[in-house]
Amino acid sequence: MGKENTVAIIGGEGAMGKMTDALFKNIGFQTVPSDRKRPDLPTPREAVNESGVIFLSVLPIDEIPKIVNDIEGFVSPEHVILDNAGAKGPIVDSLKKLDCLGASVCSTHPLTRPDCDLTNKQALIMGIGVNSSRAKRLAKELYASAGMETIPFSIYRHDALAVKIQLVPHLIMRAVQAAIPNLELGVIRSPNFERFFTGFQSVISQNPDISEAIIRSLKDTKAGKVFIKRMIKAFERLLDD
């Protein structure tokens, strides 16, 4: 199988990396996983050398610019480069650098857990620079093959959206869990609490590392800082009243 049908999955041992590995195999690609947790696997440079596609599925997200600096000398205009980072602010300059090398670059965000049915879930598709058409086509094929809805989006609007749909539920629900670790749906309950508890259970049933990664990556974005500041003021005002 040629390089054009081989994908280097950097961070391939993570939950999202393994999901991505399975998706690529489903559309006929050979995968070359690389992960710092597995020194027996190829290094990022070695994986890139064997591949025509590079997929960055890396936590913490601030490791991605370091990886890009490490591999950029091995990236050619023939490469297609994708990522699934949950925050884009920390990596957008690195992705633009890869576009300047002539590679086709598209950032993605599959809005799903890796352990659930992907059918009808959504994936944001965000082309980078002037060479993104090949990467966007591959990203759409990858997620559509699992029955997901692909949505064109702007990487510059991403983090403000992610704060609303990801940071808010994870931060609020994990804070409630920390304050009331034994929160349960008891015999005596109100309709509002039942609805709240459904959302609460949805978040805390996930691996806590997922919440930690989402909170850590989004809290220091511009939109994240604004949200947290407003929440603190809102709590103070409500409690004072």
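Tutor: Pro60 sits in the loop between strand 3 (53-56) and helix 3. Keep in mind that this model is predicted.

Student: What kind of peptide bond joins Leu59 and Pro60?

Tutor: A cis one, with omega at about -5°.

Student: What makes the phi of Asn120 worth a remark?

Tutor: Phi is near 70° there, a positive value, and the residue is not glycine. Look for Asn120 in the loop between strand 5 and strand 6 (122-128).

Student: Why is the pair Lys25 and Asp21 called a salt bridge?

Tutor: Set the value against the cut-off. The rule asks for a side-chain nitrogen of Lys or Arg within 4 Å of a carboxyl oxygen of Asp or Glu. Here the N to O distance is 3.1 Å. The pair is therefore a salt bridge by that rule.

Student: Where do Lys25 and Asp21 lie?

Tutor: Both are in helix 1, 4 residues apart, which is about one turn of the helix.

Student: How many salt bridges does this rule give?

Tutor: The count comes to 12.

Student: How are two packed helices described?

Tutor: By the angle between their axes and the distance between the axes. For helix 6 and helix 7, the angle is about 95° and the axes are 9 Å apart.

Student: Why does helix 6 count as roughly perpendicular to helix 7?

Tutor: Angles of 65 to 115 degrees count as roughly perpendicular. The angle here is about 95°. It falls in that range, so helix 6 is roughly perpendicular to helix 7.

Student: Which residues make the contact?

Tutor: Helix 6 brings Pro169, His170, Met173, Arg174, Val176 and Gln177. Helix 7 brings Phe196, Gly199, Phe200, Val203 and Ile204. By class, this contact has 7 nonpolar, 3 polar and 1 charged.

Student: What volume does the largest pocket have?

Tutor: About 1300 Å³. It is lined by 50 residues, and the closest to its centre are Ala15, Met16, Leu59, Ile210 and Ala213.

Student: Which helix gives the most to the lining of the largest pocket?

Tutor: Helix 8, with 7 residues. Among the other elements that supply at least two are helix 1 (15-26), strand 5 (104-111) and helix 6 (155-179).

Note on methods. Residues are numbered from 1 along each chain as its sequence is written. This is a predicted model: local features need pLDDT of at least 70, side-chain atom pairs count only at pLDDT 80 or more; totals for chains, interfaces and linings use all residues. Side-chain values use heavy atoms; hydrogens and water are left out. On a 1 Å grid over the protein atoms alone, a cavity is a set of points where a 1.4 Å probe fits but cannot get out, and a pocket is an open set with protein on both sides within 12 Å along at least five of seven lines; lining residues have an atom within 4 Å of a point. Grid points are joined across faces, edges and corners, and a volume is the space filled by probe spheres set on the points. Axes are lines fitted to C-alpha atoms, for helices over the stretch in contact, and angles run from 0 to 180 degrees between N-to-C directions. Angles under 35 degrees count as roughly parallel, over 145 as roughly antiparallel, 65 to 115 as roughly perpendicular and the rest as oblique. Contact means heavy atoms within 4.5 Å. Ala, Val, Leu, Ile, Met, Phe, Trp, Tyr, Cys and Pro count as nonpolar, Asp, Glu, Lys and Arg as charged, and the others, Gly among them, as polar.
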